[in-house]
Amino acid sequence: MKKSQAEVIREYGPFDNAPRVNGVTFDGRHVWFASGEKLHALDPETGAQLRSIDVASHAGTAFDGRYLYQIAEDRIHKLDPETGKIVSTIPAPGNGGDSGLAWCEGSLWVGQHRGRKIIEIDPDTGAIRRTIESNRIVTGVTWVDGELWHGTWEGDESDVRRIDPVTGEVLERLEMPEGAGVSGLESNGGDRFFAGGGGSGKVRAIRRPR
């Protein structure tokens, strides 16, 4: 397993209207982050908040190229980002114990906080397709270039790790600086991750190792 220090490139926030960051996703232009009762769109170049959607936003956030998905306690809402309207709703597999959320190749991937696992589900029905066990609390989840990464946060220790999507074996770990926990996680599809900072109210850009 490769292990290194996470390189934080940039920090955004904290924001007056968003005391927490619970989930993070990227739509190709905007970083969306969940803050409890709203989903906020952030310009990653300027750091400016552009707009927000009123929706329960208790945990992970994902984007499928057209729609946003947002964990709201024991449900996952599918949202039209243009109108902010909820298009459909499915049950979340952890019944409220869900954390991270990611989209990849027609599936939603849901992190389980205390359950220490990642579950692949059908985005239309919520039916479970597969389960990957972890030995750590799972926070944010993201896929990039066929690699599955997730955040962990236990006590004062937090990292971003790449795991084998079949076995769950940890292949690489990026250890976060002291005091910088990872709540949500998303790749920009290239050289960086966006990581939610929980109660710090911050979103951090982390360099993705090549």
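Predicted model: local features only at pLDDT ≥ 70, side-chain atom pairs only at ≥ 80, totals over all residues.

Me: Okay, which residue in strand 9 is the bridge partner of glutamine 70?

Reply: Start with the pairing: strand 8 (residues 68-72) and strand 9 run antiparallel and share five bridges. One partner pair involves glutamine 70, and its partner in strand 9 is histidine 77.

Me: Which residue in the turn between strand 8 and strand 9 has a positive phi?

Reply: These two strands make a hairpin, with two residues between them. The one in the turn with a positive phi, about 55 degrees, is glutamate 73.

Me: And what about the other hairpin, how many residues sit between strand 9 and strand 10?

Reply: Strand 10 covers residues 86-91 and pairs with strand 9 in the antiparallel sense, over five bridges. Arginine 75 stands opposite proline 91 there. In the turn, glycine 84 has a positive phi of about 80 degrees, and the number of residues between the strands is six.

Me: Which residue in strand 6 is the bridge partner of leucine 39?

Reply: Strand 5 spans residues 36-42 and is joined to strand 6 by six bridges, with the two running antiparallel. Look across from leucine 39 to strand 6 and you land on isoleucine 53.

Me: Now the sheet ordered 2-21-20-19: which residue in strand 21 partners glutamate 11?

Reply: This open sheet has four strands and antiparallel pairing, and its edge strands are strand 2 (8-12) and strand 19. Four bridges join strand 2 to strand 21 (residues 203-207). Glutamate 11 has as its bridge partner in strand 21 arginine 204.

**A loop residue**

Me: Is glutamate 178 buried or exposed?

Reply: First find it: glutamate 178 is in the loop between strand 18 (170-175) and strand 19 (185-187). The cut-off for exposed is over 50% relative accessible area. Glutamate 178 has 82%, so the word is exposed.

Me: How far apart in space are glutamate 178 and histidine 58?

Reply: Along the sequence they are 120 residues apart. In space, going from C-alpha to C-alpha, the distance is 24 Å.

Key: Residues numbered from 1 in each chain as written. Heavy atoms only, no water. Buried < 20%, exposed > 50% of the residue type's maximum accessible area, 1.4 Å probe, protein only. Pairing = 2+ DSSP bridges.
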